[in-house]
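Hi everyone, thanks for making time this morning.

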Amino acid sequence: MSDGTLPEGPVQDASGRSGTSAVVVGGGLAGITAALALADAGVQVTLLEGRPRLGGLAFSFERGNLTVDNGQHVYLRCCTAYRWFLDRIDAAALAPLQDRLDVPVLDADAAPGRRLGRLRRDALPVPLHLGRSLATYPHLSLAERARVGRAALALRTLDLADPVLDAQDFGSWLAAHGQSARAIEALWDLVGVATLNAVAEDASLGLAAMVFKTGLLSDPGAADIGWARVPLGELHDRLARKALDSAGVRTEVRTRVTSISHDENGNWSVQVPGERIETDAVVLAVPQREAHGLLPAGALDAPERLLEIGTAPILNIHVVYDRKVLGRPFFAALGSPVQWVFDRTEASGLREGQYLALSQSAAQDEIDEPVAVLRERYLPELERLLPGARDAEVKDFFVTRERTATFAPTPGVGRLRPGARTNAPGLYLAGAWTATGWPATMESAVRSGVGAAGAALAALGRSGAHLSGLFEEAA
């Protein structure tokens, strides 16, 4: 592996003959996946990443003695493509799934004895697997619980292939199906904000229906939650690089692509500072605005649509206490600006005290707030939610901000998301923002990489049989 010294001309195999080659631009999950899928089919792959590391927006960094994830990332059992990715980089054991869905939900405003509710499943068929949890959920009235059940059944009948759903907003649909503001806060947005990065009224009904139908209404275990017990960099950088090396991929970091072009013979040239790479196929696995800037003329019928795909921020608040204040691995909160809180103590390498990470999605109103303001807002909220925090000393408080963490899942976004194939033979698109049918998740990124690789392999006359079975909707 090198940091920018690239060969001129086409890649050659050991016999000296030019072999089938591809360049993947972008080293996030989509690009890593595409590179591995192509290499596994015998294609000679070069992966180019402008940053000094792989992993895209799911990465780690060092802060003193801590190894910190830029934000908390989780996946579900129904995320079959991301689970394949973990297996492919030999990391599944480092990001295990719950045996069974179990989400503690703390209501900061509830009376003592009713603060804690749980969303969990039983070993029963859909939709009975959630029946007992919903029936005993203390954060909704009996009438609200009954109406939630009826809305869930109505949601289950929606056809995800119907383009009309993309034009509607989820909030209006919920209101039309009898959902109160409290039900939306305590259930629908509790799940939806974390997965869609938008509140119901700002989210496409098509994407929201996809999340709830696939995650909660497809298979009893579909929503079981998994997360990394080690820093994300261990998975998406170190182990991913190891897998890429083993597959024969040439991985170049700190190497930013400046242009992509092709000639009349269909050969592609990828330009980086001081070097040019000739190749048979290119997978462009970068954010939509960067992709727009690199696309050759005519590659898409309406390239300006990429610029119409909005973005949404995620704010991450990190607090290190001098003692343990949380006795469970994570919880979700109601009645508070706090959304989801995770214990990252062991993963970060902290030896004394406890390190909590708060994941705040749809954070448009707070993403640019000064750290001092956020500290004044969130530390008292943690004390309201966690009595043990009231006497604890805060050893460190810091913030990470991803201003363009995801594409915005607004109504109508579906028509803006392009597929993997372009009008230019040999050029393919990948990224969570492409037309995977999923919101901007790690699953969507991996699916896009698989889709782009599959399209490239078909055009190159290579088998993509090793990619079959990755798009089942539930485990």
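Let's begin with the lining of the second largest pocket, where α7 (181–196), β14 (311–321), β15 (330–334) and β17 (354–361) each put in at least two residues. The top contributor is α7, which gives four. Please keep in mind that this is a predicted model. The pocket itself has a volume of about 560 Å³. It has 29 lining residues, and those closest to its centre are Val193, Val199, Gln339, Ser361 and Ala362.

Now to the cavities. How many of 30 Å³ or more does a search of the whole structure find? The count is two. The largest cavity comes to about 80 Å³. Around it sit 13 lining residues, with Val68, Asp69, Arg344, Tyr355 and Ala357 nearest the centre. Two or more residues of that lining come from each of β4 (66–69), β14, α12 (345–348) and β17. For the largest cavity, though, β4 has the largest share, with three residues. By class, this lining holds five nonpolar, six polar and two charged residues.

The second largest cavity has about 40 Å³ of space. Its lining includes His73, Tyr75, Tyr82, Trp227 and Met442. Both β8 (225–227) and α9 (232–246) provide at least two of the lining residues. And the make-up? Eight are nonpolar, two are polar, and there are no charged residues.

Next, two leucines. Leu382 belongs to helix α13, which covers residues 371–385. Is Leu382 buried or exposed? It counts as buried, because its relative accessibility is 0%. Setting aside residues up to four places away in sequence, Leu382 touches Val319, Tyr321, Val341, Leu358 and Ala389. Take Leu358 from that list: 24 residues separate it from Leu382 along the chain, and their C-alpha atoms are 9.8 Å apart.

The other one is Leu174, in helix α6 (residues 170–176). Leu174 is buried too, with a relative accessible area of 0%. Beyond its neighbours within four places in sequence, Leu174 is in contact with Gln179, Ile184, Trp188 and Ala200. The C-alpha atoms of Leu174 and Val148 are 9.3 Å apart, for a chain separation of 26 residues.

Now the cysteines. There are zero disulfides in the structure. Cys78 is in none, and the nearest cysteine sulfur to its own is that of Cys79, 4.6 Å away.

Last, the annotation. An unreviewed UniProt entry places the feature "domain: Amine oxidase" at residues 29–456. In this model, that span is 33% helix and 22% strand, and its end C-alpha atoms lie 17 Å apart.

Key
Residues are numbered from 1 along each chain as its sequence is written. This is a predicted model: local features need pLDDT of at least 70, side-chain atom pairs count only at pLDDT 80 or more; totals for chains, interfaces and linings use all residues. Side-chain values use heavy atoms; hydrogens and water are left out. A disulfide is a pair of cysteine sulfur atoms within 2.5 Å. UniProt positions are given in the numbering used here, feature names are shortened, and annotations may be inferred rather than shown by experiment. On a 1 Å grid over the protein atoms alone, a cavity is a set of points where a 1.4 Å probe fits but cannot get out, and a pocket is an open set with protein on both sides within 12 Å along at least five of seven lines; lining residues have an atom within 4 Å of a point. Grid points are joined across faces, edges and corners, and a volume is the space filled by probe spheres set on the points. Buried means under 20% relative accessible area, exposed over 50%, partly exposed in between (1.4 Å probe, protein chains only). Contact means heavy atoms within 4.5 Å. Ala, Val, Leu, Ile, Met, Phe, Trp, Tyr, Cys and Pro count as nonpolar, Asp, Glu, Lys and Arg as charged, and the others, Gly among them, as polar.
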